[in-house]
Amino acid sequence: MKTTLILCALACNAFAALPVLVRVTPKTLADLQARDPMIRLVKPEEGEAKVARPVNESIIKESTILHDGSHWTLVPNDAVMFLPESLKARVNVRPVGTLLPWSDFLRKNRTWLVTSEVSFDEAAGNQEIPAERTAQWAGEEKIVVAVHRQGPISVRVAKPIPALTQR
Amino acid sequence: MKTLLPLLLIGVVRADVQPELGVTFIRQQQAAGVVWDMPVKPGDGFPSAPDLTRSGTLYQLWSLGTTQAEESLVDQKLVGSYLPAAELRIKTLDPQGRVPRTRVDQPFTVEIGINGLISGAGLPRAATSVLLERHLASYPSGDAALEPSQVRANDPQGCGYISSNGRTVLRFPASSLAAPDPTKAFGEEHFVIHTLSDGSLPQTQIASGIVQVWPIASGAIHGICPGETLSGPIPDIGLELKDLYPRSESHLMLFKGTQFNGTPGTIVKSHLLDGETGESTRLHITGLGDLTATGGTYTLALVSDTVYGRELLCDAVTFHVSPAAPEPCLTKHP
């Protein structure tokens with residue numbers, strides 16, 4: 001042990017002459033902190049710069065939960081376009097079990113969960129979803145989730161276009 | 001830009017999010033009211049985003065625990081065709097670290113790039129300026145992670161307008177993070193750039209950056225008092241090392257005489273911290289008597305080598321050793 005210590009000490013001698021810096025004191029640190037460059041910026045006047053702050057934001061609260069008993073996932077609110085009465089228990093329950101990404105959850109539950117691709121204009125409510133497509137959902141006992149390029153998307157109901165009357 | 005943004009957000013996940021938070025969602029909210037979960041996985045390709053609306057699109061990066069409904073808003077960014085665009089980068093003297101890392105007494109630089117601001121008389125402030133905010137937050141005891149959204153939900157420590165396009169560089173001589181002992185401040189500084197609200201946007205953040213702030217290490221040498229004269233066996237030494245900086249190496253050094261600065265010394269004991277987190281520890285030293293056998297005046301210095309140089313962790317200890325008496329000659333009797 002002693003021999004090792006001595007050999008180690010001799011080996012380390014060569015690089016041991018680095019300058020030792022003075023440790024910063026609280027006073028020195030306070031002087032550095034006083035040179036804050038942000039004091040040069042123009043400050044907002046009282047009540048002028050209203051900034052929205054992310055207080056208590058929650059993606060879970062802003063989503064629809066889907067679950068299969070042991071796994072769950074979330075999709076944006078208004079992404080579920082068709083919900084059969086018999087499958088209502090699979091939607092919007094307290095999340096328990098393992099969270100899966102949407103694509104994995106869909107793969108595991110294709111027996112009762114399907115998607116319907118919508119365009120961005122359809123999602124925004126600028127364009128109506130064709131009636132034949134919505135009629136098809138009613139024939140299947142499956143939950144239909146709107147997707148855009150495979151990602152779940154909320155769908156706003158398009159304003160009905162006033163019917164033209166022929167005089 | 002539309003393709004780049006999800007890539008940047010995923011980059012943030014890889015760097016900051018703890019591995020146990022397993023599922024990430026990139027949620028895109030258009031001002032038109034459409035909400036879309038972009039189908040992305042780290043390493044996969046990215047679909048191009050729908051066209052941005054004039055009012056802007058908010059991208060949020062969420063991370064959720066797989067077994068508990070724990071959620072974390074990791075980052076968010078607002079982009080739009082008419083909004084000013086901003087980039088923010090923080091540079092420190094420490095090239096290591098998953099996020100920019102500095103020490104409370106060390107300088108760092110915040111570089112901001114702005115474009116899309118308009119100049120002219122009579123224009124609203126939202127068109128001519130962006131707002132820079134500086135948020136400070138200390139780590140809770142025993143933890144070295146904070147929720148960015150929680151930090152930024154508080155009132156900022158400082159703020160100010162930037163009213164010109166191009167590059168703005170702010171040089172901070174030290175962190176302003178506070179603590180009862182200011183040298184022990186430990187936490188994060190967040191810088192956030194907002195567009196100013198024109199009444200139509202719920203969120204305004206367009207760029208942000210984080211710098212992690214570490215405390216200054218300190219220490220103590222126990223077992224020998226300053227000025228003490230030792231005539232018998234040299235006692236064992238106890239070392240106390242507090243708040244060692246990530247990727248640092250600390251040494252107990254012995255110097256002949258009272259000078260230690262610039263003088264070659266002998267490294268008695270080294271302690272390597274080869275990790276991304278700090279550490280406090282205690283060490284026990286034996287065998288110092290072999291290095292002081294010739295007697296005289298010696299000085300012990302406890303130092304730490306970091307990216308910022310070699311610094312004392314506590315006051316050096318000078319002591320005196322009386323030369324050892326020659327050992328009695330033993331005669332072997334038959």
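Predicted model: local features only at pLDDT ≥ 70, side-chain atom pairs only at ≥ 80, totals over all residues.
Biologist: Which strand pairs with β9(B), and in what sense?

Modeller: Strand β8 of chain B, residues 130-138, is joined to β9(B) by five bridges, and the two run antiparallel. Within this pairing, B:E133 stands opposite B:C159.

Biologist: Is strand β2 of chain A enclosed or open?

Modeller: Five of the five residues of β2(A), residues 63-67, are buried, so the strand is largely enclosed by the rest of the structure. A:S63, A:I65 and A:H67 point one way from it, and A:T64 and A:L66 the other. β2(A) pairs with β3(A), residues 71-76, in the antiparallel sense over five bridges, with A:H67 opposite A:W72. The two strands form a hairpin with three residues between them, and A:G69 in the turn has a positive phi of about 105°.

Biologist: In what order do the strands of the open sheet in chain B lie, and which stand at the edges?

Modeller: The order is β2-β1-β3-β4, with antiparallel pairing. β2 (35-38) and β4 (71-79) of chain B each have a single partner strand, so one side of each is left without a neighbour in the sheet. The twist averages 25° from one strand to the next. Between β1(B), residues 23-30, and β2(B) there are four bridges; B:Q29 has B:V35 as its bridge partner.

Biologist: How many salt bridges does the whole structure contain, and how is one to be read?

Modeller: Side chains of opposite charge can pair when their charged atoms come close. A search over all chains finds 19 salt bridges. One of them joins A:R133 and A:E122 at 3.1 Å, N to O. This pair links helix α5 of chain A, which holds A:R133, to helix α4 of chain A, which holds A:E122, eleven residues apart. A:E122 is buried, at 7% relative accessible area.

Note on methods:
Residues numbered from 1 in each chain as written. Chains lettered and ligands numbered in written order. Heavy atoms only, no water. Pairing = 2+ DSSP bridges. Axes fitted to C-alpha atoms, helices over the stretch in contact; angles between N-to-C directions. Buried < 20%, exposed > 50% of the residue type's maximum accessible area, 1.4 Å probe, protein only. Salt bridge = Lys/Arg side-chain N within 4 Å of Asp/Glu carboxyl O.
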